[in-house]
Structures are given as C-alpha cells and as structure tokens.
Amino acid sequence: MLATKDLIKDFKILNKKVRVISGITTQINQGERIAIIGPSGSGKSTFLRCLNGLEKATSGSVFFKGKNITSTRDCDINEIRRHLGMVFQHFNLFANLNVLQNITLAPTKLKTKDKDKIKKEAISLLKKMGLEDKARVYPSSLSGGQKQRVAIARALIMNPDVILFDEPTSALDPEMIKEVLLVIKELAKDGMTMLFVTHEMRFAQEVASRVMFFDNGKIIEDADPKEMFNAPQHPRVREFFSKF
Amino acid sequence: MCAVDSIEKIKSTGQVKMITNAEFPPFEFIDDKGDIKGIDIDISQKIAEEIGVKLNIESVSFDAILLELESGSADFAAAAMTSSEERSQNFSFSDPYFTTTQRILVKKESKIKSSSDLVGKKIGVAIGTVGDSYCSSKEGFLEPVRFSKPADAVSDLINSRLDAVVVDDLTADQLISGKLDLIKKTEENLTQEDYVIVVRKNDENFLHIINEVIAKLKDNGELQKIFDNYLSAQTENKKDPQVVADNIYYKYSGLILKGLKNTILITVFSLIVGVFLGTIMALFRVAYKENGRLKFLSLISKFYVTVIRGTPVIVQLFIVYYVFLSRFGISDKFLSAVLTFGVNSGAYVAEIVRSGIISIDKGQFEAGYSLGLPYKDVMLNIIMPQATRNILPTLISEFISLLKETSVVGIIGLTDLTRAGDVIRSVTYEAFTPLLIVAIIYLFIVIIFTKMISLLKQRLFKHDIQ
C-alpha cells in the first residue's frame, strides 16, 4: 500500500546540511501495524512525515497504491493526504473551532459527503471515543488524553486507508497514555493499517505486526515483534534494549 | 525655461486659479462660514473679472504655494508675498500693490527702542518671512528663533523667553491688540517691502494683464477702498478683545467640526485601504514562505514595506499630491490624503498581519494539510481566524497612531482638525486655547474608540478565550 525507494531527506541547520533519512527502501502492506522505534534523532518522525508529504523528500520516491506521490507533476498531494490520516504528538487541534467543528471541518470543506451525514458520523465517532458530551467544547478546556482522542476522531472521519501516529502518547501524563493506547488498540483490532512512532515498548510488542528499528536515518532491523524484542540480531538494537 | 502662456488655458477653461495661504488676515483668511476672504482675494477677483472668467481659490501652507504654482496646478499666487532673488529664478512678479515694513515687538517694560538695541538679543520671527531673513542677515544679531506662527513667538515674548519679536506692521497691530498692557510696538521701520502677485516665469501676457488691473485699481481709488474696508473691519473687531475672542470660538465651531469630520474620514478610509492592502501584502509573503509560491509578489511586498516604513509620511504625502497624482491631472486633496495614509498604513498593517500569522503554531498548518485541506482552506478556516485575535490589539494602536499622524495633511491645504486649530490660531493670534481644544478632541476620539473596541472584543471572542 505504501512504499519508499531510496528515500533521502536532508535538513539545512545553520547553513549546514544534515542528512536525517539516508536511503530507505521499504514496503508496507494493507493490514500491517508497524511500530517504528529507535533512539531520538534517528529519523523516525521525519520518515513518517515524508510518507504524507509534510516533509518533501530530498531524493528518492514515496509510493501510495503504486502512485509516485513525490513527483508534483502527476499527483495532487492534497488528494493523497485524505487517505493518509495523521495523529500528532502535540494533538494540533484547531484552537478556533470546537470539538465537533474540528472533526467536521475537512470533510465539509472537501465535500466528501453531505453535511448531515458528516455530522452524524462525527457524533458517532465522538461516542466511540467516549466524548459525546464534549461536542461543543473548545480544545483549550480538554485534557491531553481527550485532545488526542478528538485528533484520532478527526483523522478517522476521512476514512483513511492508513493512519500515521507520530508519538501519539509522548506528550501525555501516564494515566492518559492508557486511554489513548486503548483507542489505538481498538483500531488495530478493526484491521486498520497503521504506522506508529513510539517509545512504549510494551505497547509496540502487544499491537504491532512488524517492528522497524531506526538508527542514523536507516532501518537497521525490520522484524516481527517476537523476534525484535526477544532475539534482536543487530548489536545496536541489543545495546538499545539493554538500557530498559 | 520656455515661455508659458496661461491666458489661453485660462480662457479656454473659463476659470483662473489663485493659490494662497489663508492664514494671514486681513490679506487672506478663512471667515466663520469657512470661505476664504481678504484683500488679496478682492484683488484676484478683479483680475478674474478683467479676463472675464471665474475665480477659483485654493489655500495651502505657505511653503507649498510656490510648489503648487510651479507644478501648474494654479495660475497665480496672491499671498502677501514679497519679491526675492531666489524666487525670481522660477517666477515673475507683478508691480507692488501694497508696501509695508517690519516692526519690533517688545514687552512693555523693555528698554529696546530700535534695531541697534537688538544686537545680541533673543529675537523671535515667523519662519520664511521677511522678518526672518532680515534678522538672519543682520550683522551682530543672534540666529533668530523661528516659529511657524507669529502668535507663538509673542507668547514666548510674554513669558520672557524672547527679548523681541520682529513681524510686519499689520501683524504687529493684530498681535498687540488685547495685550496692550503687556507688549508694545517700537517706532522704527526696519524694512520696506512690497507685496506682489506671483506668476510662473515668462508668463508675460498674463503678468501684463495683472499689472494693468493693479494700475487701474490704484488710479480709480478702488484699491484704497478695499484696504480701508478690511482694515477698519479689523479695528472694529478689536474693541473688546475678550468678547471678540469668545465670539470667535463660537463662530469657528463650524470649522472645527469640518476639520473633525475630515480627520475621522481620512483615518477611517485610510485604515480600510491599509487593512486591505496590508493583508494582501502579508499573505504574499506568508504564501512564499509556506509553499514557495508567489516569489515575485513576495519580493514586491518586502520592497513596499521597506520603502514605506523607511520614509517620512509627510514626504510621501508631498510625493503623492505634487508628483504622482498631479501627473494624472488629479488635484483632489482628500484623495491624496487617503491614498498616502492608506498606502502608508498598509505597510505597517502588513507587518502586523504577517507577525500575527507567523505566531500561529506550525502544527495548526500541518494538521490542516494532513487532512487533505488545500492551502487556501487552511488559511481561511484555521489560520486567519486565530491570527485575527493576535492582530486586533496591535491594529487598534495602528488606528490610534494613524488618527494622530493625519494631522500633517494641513500641509497640502486640507482642513483637518489640526488645520482648523491653526486657522483659528492665525485669526485670533492666540497660541494656547486653540491647541488645547484640538488636543482634547483628539484625546476624546481615542478614548471613545478604545472603549468601543474593548466592548466589541468581548462580544467577538467570548467563547474561545480561556
């Protein structure tokens, strides 16, 4: 469903070129639940953001359903993004809109369905998230866990083929982490294809169908969770786990 | 310079335009109905009658008179002007129609009697007048203190900040009337100066007609009649100065209201232009930064902001009025003011809007994009509503400073609030009260406006401010 070929991403920091992704070729199939782990600064988030074009690849390609989405010529990135949901570490709820409007804004503007249907769907998503009483509330008065559940509902209403979670629980208090992980687990059970950058090893082990270990802008180990957590091959991965 | 011939143009348009500075009674002043009256106006009327056309009068600041004449927006200047070497480079002068002299004003108890006593003394003059050049060139005199109005010099004289004031004879009479217990006029005539009418250089046919009219008026005694009429009206006025002063404020309240209306209209229209232009300019730069589009327009926007913020607004006003609009044959002062202040304020608004947008968290953009919303929808539905809240308080201070900055429009002869105060100052020869009235009105508008906005803000943002 998603694939990258020789993906490279450089950032310019203080006029110095820094290579954050240094040549990743991989493929993600429908129904896979991929946990992306590894040390800070290893390019996990950048990789995820390259997949929906929030970061423009320096070279190499990203394919969605066989279509090269890095070439601006024959691809409308806005159209592609509708099918690639994203959930951010800092939630990024629209501060000027209430919870319901946050969820309905994109489908309403993009006219994916008619208005009544969108609203009904939004309310049923809020029910699923346990937030039906918060529809008219503004984001500033929600807790972190509530915000992240609204953000997930906002991504889900587009009926995405894949959801990209960028450290969805890193900005949360421990007790709120649980409520958010629970929601993600439910989605996994329903067969949603997902990639999640995370530091929650137990969650990764429990939910992921495949684990990618990033180091220095490269995937140095790519295995199923049992293998990755019980018998990692790469010495760098063994060293990383030894710190837990 | 090639020969010019205004007569043809005057006859074909059926009107002749005279330019003056209506702040010098009894030669030219604005009466209580807001009309320009005076000796120079009556003479100009005779000139128009002689040619058989309609007379148009325009009043601008004294410094701007010759600029207007040179630019061709007026045909002649009648403003109690004297001929001078510098002016003769570009202008021609008529025969004199009035001769006056400069006199010394001193405090009643002063020992100064003549010009020889002025050596080493602090002297006040009105800027650009004959008194100014006389004192500046005289051996042994200190550099004179230059005031924009003789009344201001007199108020410094009374407060002992000056030892003497040098002004022309007629003005001297006006200044001391009502203050006879404080100041006096000395006997000596310092100069002899001739008031002339000014036309563009080499406009000989027109100058010839003007000279004929002056000669005729002198011969048949009409000139004397005009002078007697205005001068006696002035002595009449001065009988009971206090009553006259009170009366004058009442009489001129219409002028203050007109000025106030102009000040408010210029500010409001300029702000509308400024907000519109500024927002567009800011959006160009944000669009370039966000997605690399509109590079050229973004550069233009940057250039615009740099140039406008880097030059004084009064210079911009001159350029718009005398250079830019006159190129298109437009001499509408109100339009010039709105255009200048609109474009000027647009540069400041652009920076206000841009920093308002930049201060929005990048995540708000990214969340919008990640849902497949195009740039336009993200800006319109997510970013701008949030930016507006950041922008509004700064926009209000921009409005307030704009309101006060418009006080320079008097320089092109537009009657705003400050100008109205100036006109009253020149009629009453009073420095303090008109300024105080004007300041209080400005303050009042600012306070009312601030109050209104804070009420509006409470209603507008009542949900989402936590």
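How many salt bridges does the rule find across the interface of chain B and chain A? The count is 1 salt bridge, where a salt bridge is a side-chain nitrogen of Lys or Arg within 4 Å of a carboxyl oxygen of Asp or Glu.

## About the model

This is a predicted model, in which local features need pLDDT of at least 70 and side-chain atom pairs count only at pLDDT 80 or more, while totals for chains, interfaces and linings use all residues. Residues are numbered from 1 along each chain as its sequence is written, chains are lettered from A and ligands numbered from 1 in the order in which they are written, and side-chain values use heavy atoms, with hydrogens and water left out.

## Where chain B meets chain A

Let's start with that salt bridge: A:Arg49 pairs with B:Glu366, and their closest N and O atoms are 2.5 Å apart. There are also 6 residue pairs in polar contact between chain B and chain A (both at pLDDT 80 or more). A polar contact is a pair of N or O atoms within 3.5 Å; within protein, one must be able to donate a hydrogen and the other to accept it, and residues adjacent in sequence count only if both atoms are side-chain atoms.

On the side of chain B that touches chain A, the elements giving two or more residues are α14 (362-370) and α15 (375-405) of chain B. Of these, α14(B) gives the most, with 7 residues. Helices here are DSSP runs (H or I, at least four residues), numbered from the N terminus.

## How much is buried

In total, 20 residues from chain B and 23 residues from chain A take part in the contact, meaning heavy atoms within 4.5 Å. About 1,900 Å² is buried between the two chains, with carbon and sulfur atoms giving 60%. Buried area is the accessible area (1.4 Å probe) that two parts lose on being put together, summed over both. B:Glu366, B:Ser370 and B:Leu371 supply 30% of what chain B buries against chain A, more than any other three residues.

## Inside chain B

Chain B is divided into domain 1 (7-96 + 196-238), domain 2 (98-192) and domain 3 (253-460), with bounds from an automatic or database domain assignment. The centres of domain 2 and domain 3 of chain B, taken over C-alpha atoms, are separated by 42 Å. Even so, 9 residues of domain 2 of chain B are in contact with 6 residues of domain 3 of chain B.

Domain 2 and domain 3 of chain B bury about 620 Å² between them, 59% of it on carbon and sulfur atoms. Across this interface the rule finds 0 salt bridges and 0 residue pairs in polar contact (both at pLDDT 80 or more).
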